[in-house]
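Below is a short briefing on one protein model. It is grouped by topic.

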Amino acid sequence: MRIFDTLTVFVAASAATVLATGTKQHDSDLLWGTYRPNLYFGTRPRLPDSLLSGLMWFGLDQTNWQNIRHSCELGDNLSEYGYQRHNGRDFGEQMLRDNDHGVEIKSEFIKVAGKNGGSWAVRFSGKTAEDNVEGVALVYYFGLEGNGTMAMNVGKGSAKIVGKTDDLGLFSIRIVPSAKNKFPVIAKQLQKIPELTSVGKKISGIAVKAPKTDVWKAKDIFMREMFTSARKRVGFISKHVGADSEMAGSVLFALDNDGLKKRDRNLFFSQMIVRGEFSFDVIYECEDKNASISRNGISTLVKNRRSEFDHRFEATFGLRNKGFSDKQVEMARDAVSSLVGGIGYFYGSGLVSKDPKPEYGISQDVSEPELSTPYSLFATTPSRPFFPRGFLWDEGFHQLVLGQWDSKICMEIIQSWFSTMDADGWMAREQILGSEARSKVPSEFQVQYPNFANPPTLLFAIEKIADVQKTLSHTKSPKHRAFDMQDDDGENGCEKDIDGFDLLQDNDQSENTDNMQEALEEMVEYTQRLLKYFLTTQFGNGAAGKPMAERGYRWRGRTMDHTLTSGLDDYPRARPPSTGELHVDLYAWVTYMISVNAKMALLSNDSETLSELETQLETHLKGLDQVHWNEQENMYCDVTSQVRDDYDELEDDEDSAYERAFVCHRGYISLMPMVLGLVPYDSDKLGHILNMIEDPDELWTEYGLRSLSKSDQYYGQGENYWRGPIWLNINYLVLSSLYRNYVSVEGPYQGQAQRIYSRLRENLINNVFAQYESSHFFWEQYNPETGAGQRTHPFTGWTTLIVPIMAEKY
């Protein structure tokens, strides 16, 4: 099986440390970052109740001052935003284009290692539109959520903040506008008022005492303070030149340095009003003198790290070497950077029910949900404006990209997720931590239930690490169906990839093998607990008393039109829902989990557990076909229970009233056994699955594979979320499985698999690139009829899988 090309033995050493404890102290390297992805730009350390910062801006005409930009919002209608480069550690640059407010802003973030997380700086530069005569107000703030002290002083050319907290120590901050910045021209009658001659022409600020729990509401607090000040200024101007005189936003909304001399303030805003080209620097410095940052040095650091990034990007993905154009490479670079730039640190309480949510049609009392003990999560986010928090189902796909770029950050994120796991193996599928996160989620979706599972996609990355270890230790896989297509014989091209990948770099093989072994042993506890959770909570009601493989599995949380827990929300299932359902995709996921745990047991030399898992794997592989393969339809289907046509309620026993019936909807769930590597390369079932994929009346389009067959009665109906639109994550899994398991293995379907792989890969690359070129965004999904991007954007979660597809690194 192919492996992360950057999962070098360096991962082994770091992974062992990262996984050693769920409450380790983070590397200083990764303490500070752009870890507020819900904002257009914001920073924070990976510490609870600490120092937050963020950017705001607004146009100064008659309407825009009411629509201050701060958090990423679809309704803001920015024509472009997202990171063009971000290495996840000490460099990131992005472009923000806001046509409605008539401004474009570039941010360039750099970091210097040092004590307490080191120092960092960000340079903002840009220009206002030519027709924006009123100009733009640029605001940058710092707020302290926890204990500590801060004080701010505003001079002629800069604003300075000094502060101290227990976790950050002493720190100082400078906000310095360029001397070349220009101020909007105001009406002559306003120029005649002496008190207004300097208003807004220099950097200004205000200091506010905010409740510590409300610092994240910086925008609302700023607007309240600004409007209060503006009303006073309107009255002042009216006394001098009359109430009907022309007002200027640059004068009305300039800050007045209020509250700076008071000692109990914890939220500080600095403001610059500009027109034309502008720039300003924000420089945060820790007390470590070796980590100081000069304004003149920012440009050099940015230039050097930009060059380093581009070199590393090509070395990692090799897209130019594969013949992609500069524009295509730029798209791929933006994709990876925006995924990395979407990493966030979240801390707070989640709303959790102690009781399982009742099954469909079953009434029982459930206790009121309660806020959990506060905890933290380090995670990637699917979409900065719409899904700016951790999603379990999405995270595993994200790590398939991030793991190739920075394996250590990948491991930190996996460990952070595992640290949220309870004793039973449950993790909340959506991490809505704290009041800021809950403010973005409708109340009906906030509660997390302990019987609600989610596809175990984190195992994708863990399996990659196990494969690295297998290569280093020359361990032979168990000869089972789930392993046979990924054996050590080199027939599927695996050996070629390993030969081209310097696993050992300059290190000793035996030492690094031991380090990776230790890391895997730490992960075994979590993967086994996760498997046990699925086996004990997601089992089906069929064939009661029989082995689990014969009973099947059922997602909890079903409603008439949704199975949110499956990740495929509105994909058609049995109607009406019942506890007699069995879900083929869940059966495939459980079988996949068993196979990964078997790999882990093998590498951990746990022969007893390995033997048990081998038996489970064998019975599940057989049971998958027995329970879910429909010979008439030649496809994998869900199953439900229904009353027998010949049932006589007067004559027959009630226990015999029900029989199993297939629920068949060709689409993504029909493919899950194949994409998870559970269908043998020489099986007739594979031929039927490939025919379904390649049929334009079923799943095939020129833009990617539809989520639901075009011939299905529910195609394009209802919410139409997973009922036809093209999704990159499942298309990636199809390509990955074809590439790893079928294309390079001699068999009856090798040619068809190769043809589908080549055409599908080309179609996906061409369409994602075309849509990015026309819109400057990556999209949540793509229209199966036109290829157009649709729904949430920018969606820089699993849509960034287009990059490993381009690189053919699965």
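The model is predicted, so local features need pLDDT of at least 70 and side-chain atom pairs pLDDT 80 or more, while totals for chains, interfaces and linings use all residues. Residues are numbered from 1 along each chain as its sequence is written, and side-chain values use heavy atoms, with hydrogens and water left out.

**Helix 5**
- Helices (H or I, at least four residues) and strands (E, at least two) are DSSP runs, numbered from the N terminus.
- Helix 5 covers residues 295-317, 23 residues in total.
- From first to last C-alpha, helix 5 reaches 34 Å, close to the 33 Å expected at 1.5 Å a residue; the expected span is 1.5 Å times one less than the number of residues.
- Its buried residues (under 20% relative accessible area, 1.4 Å probe, protein chains only) are Ile298, Val302, Arg305, Phe309, Phe313, Thr316 and Phe317.

- Six strands form an open sheet in the order 1-2-3-8-13-12, with antiparallel pairing; two strands pair if DSSP finds at least two bridges between them.
- Strand 1 (32-33) and strand 12 (204-208) are the edge strands, each pairing on one side only.
- Two bridges join strand 2 (residues 42-45) to strand 3 (residues 51-59) in the antiparallel sense.
- Threonine 43 has serine 53, in strand 3, as its bridge partner.

**Serine 744**
- Serine 744 lies in the loop between helix 19 (728-742) and helix 20 (750-775).
- Serine 744 counts as partly exposed because its relative accessibility is 31%, between the 20% limit for buried and the 50% limit for exposed.
- Glutamine 754 is 10 residues from serine 744 in sequence and 8.3 Å away in space, C-alpha to C-alpha.
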